[in-house]
Structures are given as structure tokens and as C-alpha cells.
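Colleague: Hello! I am new to this one, and I would be glad of a close look at a single part of it.

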Amino acid sequence: MPSTSREPESPGGTGTDRLPSAKSSLGLPAATALVIGSIIGTGVFALPSALAPYGPISLVAFVAVTLGALALALTFGALSRRTSSSGGPYVYAREAFGEFAGFLNAWSYWITAWAGNAAIVVAWVGYVEVFVNTGHRVSGSVLIALVGLWIPAAVNLTGVRNTGAFQVITTVVKFVPLIFMATIGLLFVDPDNFGPFNASGQSTLGAISAAAAIALFSYLGLEAASVVAGRVREPGRNVPRATVYGTLACAVIYILGTLAVFGTVSHGALGSSTAPFTDAANSIFGGTWAGNTVAVAAIVSGIGALNGWTMLCAEMPYAAARDGLFPGAFARTRGTGGVPVFGIVVSTVLASLITVFSYTRFDDVFTKIVLLSVFTAVIPYLFSAAAQLYWVLIRGRDGLTLGRLVRDVTVAALAMAFSYWSIQGSGYQTVYYGLFVLLLGLPVYVWLKRTRQGEASDEPTPTASDSSSGSAVTVLPDPRAPETAAARLPGRRTTVVRFRGSARRDKH
């Protein structure tokens, strides 16, 4: 996951500029592990139950989502070759479309992070309740969920070193049950357990679309290497490869593991299961010892995922706040390690609130929160695909061969179409809630712009001497000029020059 330590700003650049190469510490293996560790959380451990109402047709949706995820991975890889700055979707949108697009992506991605934490903790609770609160009392489930959210927050507040060590241990443990089910579990598949191919009662396309929206949650985090591109050695080479390799590795484990669970647990039991991998292990070996072992691994995996995503909850708004596109409180740090305390605490509070709300309002808590976090994640994905099309068709077309141009446009177009399809499959209620929380960012953006203009007006205005007339000349920056690297590209710009109380507008 991205580190909460901030890279130094380069002269004339934004807070997301490239780190000096001497400080880059992630090679290809580490960057690939980062992608895999970011993608795999507790959500996959609850995914078979969430997909069960659709039947085995959801496996078709999973394959379709995997292809779309690979298109997104290739898109992020191509974008990382164009800019080596950390920030991922936030940077791509800002440099292609300006400040507002950058803010909107940072806002949406931040919502994805803390709402995703709520989804992860709900799945985590299901495995904790293998041992405690086995009757699934709502009050007990809420209490367990809150503990699961605040333990990783406490770890993050102690500093980056402890957070990283905690992440390494939990990442290793999480692979055990997944690899087991993706290999040994396939030997125990019983076709009678699959049930009706399309159990949803919807049309084939409708069932695939609805299941795909849920399955996409499993791939959130594929952009992790691009988010920390400034910390990767040779980012133009290693970030694209790490993104694709990590996504492919997760795809194989996901699809085979989900297939094994579908084939070892009866369709009726799977739909009501809160710990499907545990039930699958018990079905294979009998008794409860195997299932309990899987549950422990899933619990450790969930805490690890929450630990990493809590870090991300603070990292994205921290980067945006350093650029003036998020409230300044998110940029404040504490201690020598530069811990963004405000971002960690606020994000965990919001995740806690949505978790409590969901447990008291929805029956299918995990699915509801998953769909919300997928919707808010797809917005940055959509903007990233659009940014790639912008750079290929408008900014960088002259430097591409015809074959490369066709390939890049096709991949970016597929990524964009996949993003639109994911939004459509989320359902009307999810789009309603998602659009509402997304548009809540508009007054925040207006307030930020007003604050920045107020600060600019308080600064002393630089003056220069006009040698031809001896009059004082004040040069004011164009308030419409974006403060990104894109703004420094050659092109039409406007400067206001003030002569003794009068002003004229020069265009050059």
C-alpha cells in the first residue's frame, strides 16, 4: 500500500512529483506484491456467498470482470509511462482535465477507500463469528466490526514502520486458504452443488451485469502501483508490468477458488453462509478443524487488508491536500514519520458510521456496501480511461505508430466501456446513494477554491521595474491557470499587467 510518508516537492512542481531515483525503493517483485496485497482482502472470502443468488452464471461474470480489470491494468500501465508522479487516478485526471477533475477523483477515491473498509470489515465479521457471536446478533456484529476498524487505525497511528511490518505478516497468511481452495479444493468439486446455472430469475445479460458489479469489488486496488509510482524504480517499465502481473495472479486465484467453493458447498447453504471458505473446508475434510483454520487465516487477512486500506484512506486526501485540492487538515502530520492523523481518524469514523447504518438498515449488508464502493471506484477508473484516450488522441498521437495507436485506443475504450457497464450493473439504489455522496464534494470544492483565493489575495504582490517608463509594474498570475505540470505545457496563456491602478490584458 502507499506509504504515508510524503515525497519532497521538486522546484516548480506539485506535491506529487517524482522522487529522486536514489530514494526509489520498490523493484518489480515488490511492486507486484504491492498490487496483489492491495487487491486481496477479506472481500474475496465473502464473495461466493454474495454471488450465490445468481448461480454459476456469476463465474461467467467473473471472467468478464477479469478481462475488464486487465484492460484497466493496461490503461494504468500506459498512463504511468506518461507521468512518474505518485497519485494514480488523481494525478492522471488533474493533468489531463484540470483541477476540478483531479478533486473529483480524489474525493471519489477517498470514499471508495473508507466505504471499502466498511465492506471488508463486514466480511471479516462473518469469519470472526465462526468463534464468537455465533447467533449473529446485530449488536454483537456491530461491536466486532468497530473493533476490526479501529485496531488497524491504531496500528497506522503508530507510524509507517509498524504498519508495514504488520502488512507483510498478514499478506503471507492470507494466501493459505485461497491457494488451498484454488488447487486442492478443485479435487472435491461435486457438480450437484452448483444448482441452477442462472438462479437470479433475471435475463442472462442482466444476471451477468449484476454479478459483475459485485465481482469488480475483488479487483479494487489494481491501481496501487500507479498510486505509488514515484517510489518505484524505473516506473515506466515496472509499474505497468507489476499492475498486469499482480492482476493476473489474483484473477487465477479468485476464479479457481470461487469455482471450488461453488462446487463443495450446496447452492442453498452457500447463499446464507457468512463464511463460505470455512464451510467449503469443512465440507472437504468433515468436522470443524479445517474450517476453523481457514477462518483464522481469513481473520488475519481481513485485519491486514484493513490495515493497508486505512493507510490509503489517509494517503490519497493527503496528496490532494498538499496540492490545495482537499481540506488542509488532511495534510497535517504528526511525529518524525509524518503520520496523517486527521485522515486516518476521520476515514475510520466514516467507515464506522456507514457500517452501523448498514447493519441496522440492510439485510444484505456486504452486498450493499460493496456496490457503493464499486460505484465510487469506477469514477476514477472512468476518468483514467478518458485521460488515456485524451493523451493518445490529442496530446501524443504524433509519436505513435498506427499499430500502437490502434492498440492503445482499443484498450482504453474497452476500459471505459467496462467502467460504464459496471455502473449500470450497480443498480438504481447504488447509483442514487453513490451519486449523492459524490456530489457532496461540490460545496467542499467551492469552499476550497474560495479559501485559496482568499489566501492568494493576502500575499504581497511582486513588483518589477518598467525600464522604459520608470513606472511600477505588477504582474498578477492568471487565476484560471491550473497549477499542474500540464499547465506548464506550451500554449495560450493570459497575464494581467497592472500599470499604476489601470490594467491591460496581454495574450501571448
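Could we start from one side chain: what is the relative accessible area of R404?

Modeller: R404 has a relative accessible area of 34%, so R404 counts as partly exposed. Here buried means under 20% relative accessible area, exposed means over 50%, and partly exposed lies in between, using a 1.4 Å probe and protein chains only. Please keep in mind that this is a predicted model, in which local features need pLDDT of at least 70 and side-chain atom pairs pLDDT 80 or more, while totals for chains, interfaces and linings use all residues. Residues are numbered from 1 along each chain as its sequence is written, and side-chain values use heavy atoms, with hydrogens and water left out.

R404 forms a salt bridge with D408, with the closest N and O atoms 3.2 Å apart. A salt bridge is a side-chain nitrogen of Lys or Arg within 4 Å of a carboxyl oxygen of Asp or Glu. Both residues sit in helix α16, four residues apart, which is about one turn of the helix. D408 counts as buried because its relative accessibility is 8%.

Now for the helix around this pair. Helices are DSSP runs of H or I with at least four residues, strands are runs of E with at least two, and both are numbered from the N terminus. Helix α16 covers residues 402–425, 24 residues in total, and its first and last C-alpha atoms are 34 Å apart, close to the expected 34 Å. That expected span is 1.5 Å times one less than the number of residues. Along α16, the buried residues include L405, V411, A415, F418 and I423. Just after the helix, G427 takes a positive phi of about 95°.

For some context, the structure holds five salt bridges. Another one joins the side chains of D323 and R94, at 3.6 Å from N to O. D323 lies in the loop between α13 and α14 and R94 in helix α4, so this pair ties together parts 229 residues apart in sequence. Both D323 and R94 are buried. K449 and E99 also meet in a salt bridge, at 3.2 Å from N to O. Here K449 belongs to helix α18 and E99 to helix α5, so the pair ties together parts 350 residues apart in sequence. K449 is partly exposed, at 25% relative accessibility, whereas E99 is buried, at 9%.
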